[in-house]
Amino acid sequence: MLFDKFTDVVPSFFGMLNQGPLTLTIFLHTVIVLPMFWIYFSEKKKLGK
Amino acid sequence: MAKENLSVWTSISFWRRSAAWVTGFATILLIWLTFDTMGQISMGTDADLQKGITKRVPAPTVINYHIDYKMSEKRGHEVPVIGKKEPFFGKEWSPKEAAALLHLGKLGSQAKNCMNCHTLLGNGAYYAPDLTKAWLDPMWGATMQGMTGKSTKEEAMAEFLMHPEKYPTHARMMPNLKITAEEAKGLVAFLKHMSSIDTNGFPRGFSKTVDQFKAGGTNAH
């Protein structure tokens, strides 16, 4: 099953991120790496000017 | 003018911005996680217990209740189930008394260095059995009550703690640590409370050893 029911005792935001195949590691790497693409391209634009 | 330094990878400002982003994000995340953890591990209150609100760590007065350990299909492991009230050492403990008893037990467990051989909530050694769910071990029922001649589980446990050398329960026998009657009571309360903590099924496979025990095997592992 791709999405499992939320089963933690004490509900929390980080608990929600850990349900099913989505782990905290995958989530955090995604949110950290994605803005770095933006940083990369904005720096590239600056260098080209 | 010739174009120089067109690679982003050699640009200092790119690395500076990346480092600032990662460090800043991690800092905020760690602070947030700290507070999230505090919420998860903070102890419940006596009122929570009376209202049947499930907390990961229940109030000390949980020693006044029957504690069961049941497989949860939903969560894929066993969870402690707090049941009906039952006397603990023949009485009901007030929140103040229960907290004091638990505190005595905690200090006792540190003074006698239980963790030198046993494991408590994942900390300690595996020279002797894991004590995280020790209270739920069926061995304290018929077997130990029979051996010690006590009529309740808690009295049998306290008697064992005071004179472990008299009762061969494990391949490596527990030494007599000169635990007093009062300390033993505290330690049993401490263990009962610990068994009511939702540890996400830790230690794994506890039921397996319970089944083994019921089938005539031993819980010593």
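Mentor: Helix 3 (residues 95–111) of chain B has 17 residues and reaches 24 Å from first C-alpha to last, close to the 24 Å expected at 1.5 Å a residue. The expected span is 1.5 Å times one less than the number of residues. Helices are DSSP runs of H or I, at least four residues, and strands are E runs of at least two, numbered from the N terminus. This is a predicted model: local features need pLDDT of at least 70, side-chain atom pairs count only at pLDDT 80 or more, and totals for chains, interfaces and linings use all residues. Residues are numbered from 1 along each chain as its sequence is written, and chains are lettered from A in the order in which they are written.

Trainee: Which residues of helix 3 of chain B are buried?

Mentor: B:A98, B:L101, B:L102, B:G105, B:G108 and B:S109. Buried takes 20 or more other C-beta atoms within 10 Å of the residue's own, exposed 12 or fewer, with C-beta atoms placed from the backbone.

Trainee: Why are they on the same side of helix 3 of chain B?

Mentor: Because they cover an arc of only 120 degrees around the axis. The arc is that of the directions from the helix axis to the C-beta atoms.

Trainee: What do the buried residues pack against?

Mentor: Strand 3 (119–120) and helix 6 (181–195) of chain B. Contact means C-beta atoms, placed from the backbone, within 7 Å.

Trainee: And the face turned away?

Mentor: That one carries exposed B:K96, B:Q110 and B:A111.

Trainee: New topic. How many residues does the contact take from each chain?

Mentor: 14 from chain A and 20 from chain B. On the chain A side, helix 2 (residues 24–48) gives the largest share, eight residues.

Conventions: Contact = placed C-beta atoms within 7 Å.
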